[in-house]
Amino acid sequence: KQITDINKDLNHKKSYILNSLKYASRIQKSIIGGKEEILKRFKDAFIIFKPKDIVSGDFYWFAEIGDEKLIASADCTGHGVPAAFMTIMGSNFLNDIVFDDKILSPEKILSELDKRIMKKLSEVDGEKVNDGMDISVVKINNTTAKIEFASAMSSIIRISDNELSTIKSDRIPVGSSQYETIKEYHKTTIDFKQGDKIYLFTDGYQDQFGGPKGKKFMKKNLRNLIEEINMLPMAEQRAELETKLREWQREKDQTDDILLIGLTL
């Protein structure tokens, strides 16, 4: 009887926690926003968004101001509930920086985001801040046909004339006080033409364990896969990427949150 009562109590608590997480997931999704609202603003695009747990430590963000579109992919420290809180903070800060303060240059967005996260988290018991995020910010201007890019610990892939190139990031995250240097983020400006493609991603896809030897998929294989399928419409690319992920993962648990964005310019 004692065992039965304990199990009933545990099941009740489990049900309560799961219901709370599911509701938190709905709140998180409402703050991050729907994928469809972003996708319809591009000629052709996809977003693969697969939280490891019910709530996610990865998030995407989008803004459109005049001729300029800004899109970001971010991976917050850890995953699950603590990282999900960071996604909400990050998304709200990005809205404030871009819409209220009118800061539109990607490297300045990252610098301001870093300052706000450091200030907000340092207010908690005066402890050092080791929480933060890896994030890429891309600004696209169709009038000038230019891309501006800045990133913290997260590169992007570009396809132009069927040739793949990787645009690398600054090797310092946003947030986190473990880096004792003064943080400085740099901007890369690139001309583009219609039909060029860019891909933003967190490390979840490439870090997924699986395959015949239970190893990580690896960034090199992700680049090769994108290069192989980039001529397909974005919806078909998404399907190919999801199929490859399932085949690689097999019976393994998902390693981390997964976010991968593909855009045709």
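Buried means under 20% relative accessible area, exposed means over 50%, and partly exposed is in between. By that scale Asp-9, at 35% relative accessibility, counts as partly exposed. Please keep in mind that this is a predicted model.

**Salt bridges**

- The structure holds 18 salt bridges, and a few of them are picked out here.
- Asp-9 pairs with Lys-13 through their side chains, at 3.2 Å from N to O.
- Both Asp-9 and Lys-13 belong to helix H1 (residues 2-32), where they sit 4 residues apart, about one turn of the helix.
- Lys-13 is partly exposed because its relative accessibility is 46%.
- Arg-41 and Glu-64 form another salt bridge, at 2.9 Å from N to O.
- This pair links distant parts of the chain, 23 residues apart: Arg-41 is in the loop between helix H2 (35-39) and strand S1 (44-50), while Glu-64 is in strand S2 (residues 58-65).
- Arg-41 is partly exposed at 33% relative accessibility, and Glu-64 is partly exposed with a relative accessible area of 36%.
- Asp-161 and Lys-193 also meet in a salt bridge, at 3.1 Å from N to O.
- Asp-161 lies in the loop between S6 and S7 and Lys-193 in the loop between strand S9 (188-191) and strand S10 (197-201), so their bridge ties together parts that are 32 residues apart in sequence.
- Asp-161 counts as exposed at 58% relative accessibility, whereas Lys-193 is partly exposed with a relative accessible area of 39%.
- Through shared partners, salt bridges join Glu-37, Lys-40, Arg-41, Glu-64 and Lys-69 into one network.

**Negative surface patch**

- Glu-228, Glu-236, Glu-240 and Glu-247 form a negative surface patch.
- Helix H6 (residues 234-249) gives the most to this patch, with 3 residues.
- Glu-240 is found in helix H6 and is partly exposed, at 40% relative accessibility.

**Positive phi angles**

- Lys-102 is a residue other than glycine with a positive phi, near 60°.
- Lys-102 lies in the loop between helix H3 (81-100) and helix H4 (106-122) and is exposed at 59% relative accessibility.
- Asn-162, also not a glycine, has a positive phi near 65°.
- Asn-162 lies in the loop between strand S6 (156-160) and strand S7 (163-167), and is partly exposed with a relative accessible area of 44%.

**A buried serine**

- Ser-151, in strand S5 (residues 146-152), is buried because its relative accessible area is 1%.
- Beyond its neighbours within four places in sequence, Ser-151 is in contact with Leu-110, Ile-135, Ser-136, Ser-169, Asp-170 and Tyr-185.

Methods: Residues numbered from 1 in each chain as written. Predicted model: local features only at pLDDT ≥ 70, side-chain atom pairs only at ≥ 80, totals over all residues. Heavy atoms only, no water. Patch = residues over 30% accessible without salt bridge, like charges linked within 9 Å, V, L, I, M, F, W, Y side chains within 5 Å. Areas by Shrake-Rupley, 256 points an atom, 1.4 Å probe, with all protein chains shown as cover. Salt bridge = Lys/Arg side-chain N within 4 Å of Asp/Glu carboxyl O. Lys, Arg positive; Asp, Glu negative; His and termini not counted. Charge placed at Lys NZ, Arg CZ, Asp CG, Glu CD. Helix = DSSP H or I, 4+ residues; strand = E, 2+ residues; numbered from the N terminus. Buried < 20%, exposed > 50% of the residue type's maximum accessible area, 1.4 Å probe, protein only. Contact = heavy atoms within 4.5 Å.
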